[in-house]
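Here is a short briefing on one protein structure. Read it with the model open beside you.

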Amino acid sequence: MIDNESVDIVSLKSGMKQFTFNFIIDSLKDRDRHFRLFIFHNQKFIKFSINNKKYTYYDIHMKGNGSLKIPIRVQVSNNYDFSEYLPILIDKDQKQFFTENIPVTKVLVSKRNKNDFSEISSHIKLDNVQKIFKKENSKSNEFGPPSVVLLNDRFTPLQVEEVNKARYVRIDQSPHKMVEEIMFFDMEGNIYGVRGKQPRSYTLEQPKDQDFIIPIPKEITLSSKERFFLLINNNPREESFIHLNDIKKGKSNVFLNFANLYEIR
């Protein structure tokens, strides 16, 4: 229990090649809604199955004032004892401002005893790409999900109506040294690399009380497409379990296993 709330972990039996989890969507609006669902795992989008049919992404038409439960079947990664799957749900009809964070569910998966994470001996490997990022002193000192500010080519903050001028993203994290995973992508599930790097997610360690300023991939700034997103996943993969173990042992008293989505264009 953390802050009087439970953290659900899928505990897999030995030899399991796949498993199913239920993803529930609730809509309190009185109109029909359309969503697109992706599954993010191990630095990329993966294929998944719903009702024995495979999808790269799954489009959903949902009636208003209702609830929908979707059984999602995914493959199990052989190389990882501790992992996570992130169902990412995007509203196809309504754009979001970059100032709004869209919560993303983290489905934690363990091949070991689900209550014992002490066997994780080392932290996740970081990407060298973070060495090229500009840093500046943090603008806030609040715990919670990260906030995002778009900057122009002179590093000036932009208003929500100026997103087409954005060239950089400033990420303001909790006042805590944070391992985070970031990824730029579009509505078709195409992933964009930073400054010509491989198109996948990047794992960084953001210093306490400093903001990262990350260049938006040129493929995005030069594109005529309308919708692009930034995923920020705090404590990715086994780091989520290390963080839970730290809380269990009293080394940390703040829950920081957040994953959030931001529409940057």
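Start with Leu-86, which lies in strand β9 (residues 82-91). Helices (H or I, at least four residues) and strands (E, at least two) are DSSP runs, numbered from the N terminus. This is a predicted model: local features need pLDDT of at least 70, side-chain atom pairs count only at pLDDT 80 or more, and totals for chains, interfaces and linings use all residues. Residues are numbered from 1 along each chain as its sequence is written, and side-chain values use heavy atoms, with hydrogens and water left out.

- Leu-86 is buried, with a relative accessible area of 0%. Buried means under 20% relative accessible area, exposed means over 50%, and partly exposed lies in between (1.4 Å probe, protein chains only).
- Contact means heavy atoms within 4.5 Å.
- Leu-86 and Ser-240 are 154 residues apart in sequence. In space they are 13 Å apart, C-alpha to C-alpha.

**Nonpolar cores**

- In soluble globular proteins, nonpolar side chains tend to be buried together.
- A nonpolar core is a set of buried Ala, Val, Leu, Ile, Met, Phe, Trp, Tyr and Cys residues joined through side-chain atoms within 4.5 Å.
- The largest nonpolar core has 24 residues. Leu-150, Phe-184 and Ile-214 have the most contacts inside it.
- Six strands each supply at least two residues of this core: β13 (147-151), β14 (168-172), β15, β17 (202-206), β18 (210-215) and β19.
- β19 gives the most to this core, with three residues.
- A second, separate core has 21 residues, including Ile-39, Tyr-55, Ile-60 and Val-107.

**Helix α2**

- α2 is mostly covered, with nine of its eleven residues buried.
- Among the buried residues of α2 are Glu-238, Phe-241, Ile-242 and Leu-244.
- The buried residues of α2 pack against β1 (9-11), β9, β11 (107-110), β15 and β19.
- Gly-250 follows α2, and its phi is positive, near 80°.

- Asn-235 is found in the loop between β19 (228-234) and α2. Asn-235 is buried, with a relative accessible area of 8%.
- A polar atom of the Asn-235 side chain lies 3.4 Å from the backbone oxygen of Leu-256.
- Leaving aside neighbours within four places in sequence, the contacts of Asn-235 include Glu-84, Lys-106, Met-178, Ser-240 and His-243.
- Arg-237 is also found in the loop between β19 and α2. At 10% relative accessibility, Arg-237 counts as buried.
- Phi of Arg-237 is near 50°, a positive value in a residue other than glycine.

**Pocket and cavities**

- On a 1 Å grid over the protein atoms alone, a cavity is a set of points where a 1.4 Å probe fits but cannot get out. A pocket is an open set with protein on both sides within 12 Å along at least five of seven lines. Lining residues have an atom within 4 Å of a point.
- Grid points are joined across faces, edges and corners, and a volume is the space filled by probe spheres set on the points.
- About 360 Å³ of space lies in the second largest pocket.
- This second largest pocket is lined by 16 residues, of which His-123, His-176, Lys-177, Glu-239 and Asp-246 lie nearest its centre.
- β15 (178-186) and α2 (238-248) each supply at least two residues of this lining. The largest share, four residues, comes from α2.
- The structure holds three cavities of 30 Å³ or more. The largest cavity has a volume of about 50 Å³.
- Residues lining the largest cavity include Val-163, Ala-166, Ile-216 and Ile-264.

**Two more places to look**

- Ile-24 sits in strand β2 (residues 18-27). The C-alpha atoms of Ile-24 and Pro-71, 47 residues apart along the chain, are separated by 8.8 Å.
- Asn-42 sits in the loop between β3 (33-41) and β4 (44-45). Its phi is near 55°, a positive value in a residue other than glycine.

Conventions. A polar contact is a pair of N or O atoms within 3.5 Å; within protein, one must be able to donate a hydrogen and the other to accept it, and residues adjacent in sequence count only if both atoms are side-chain atoms.
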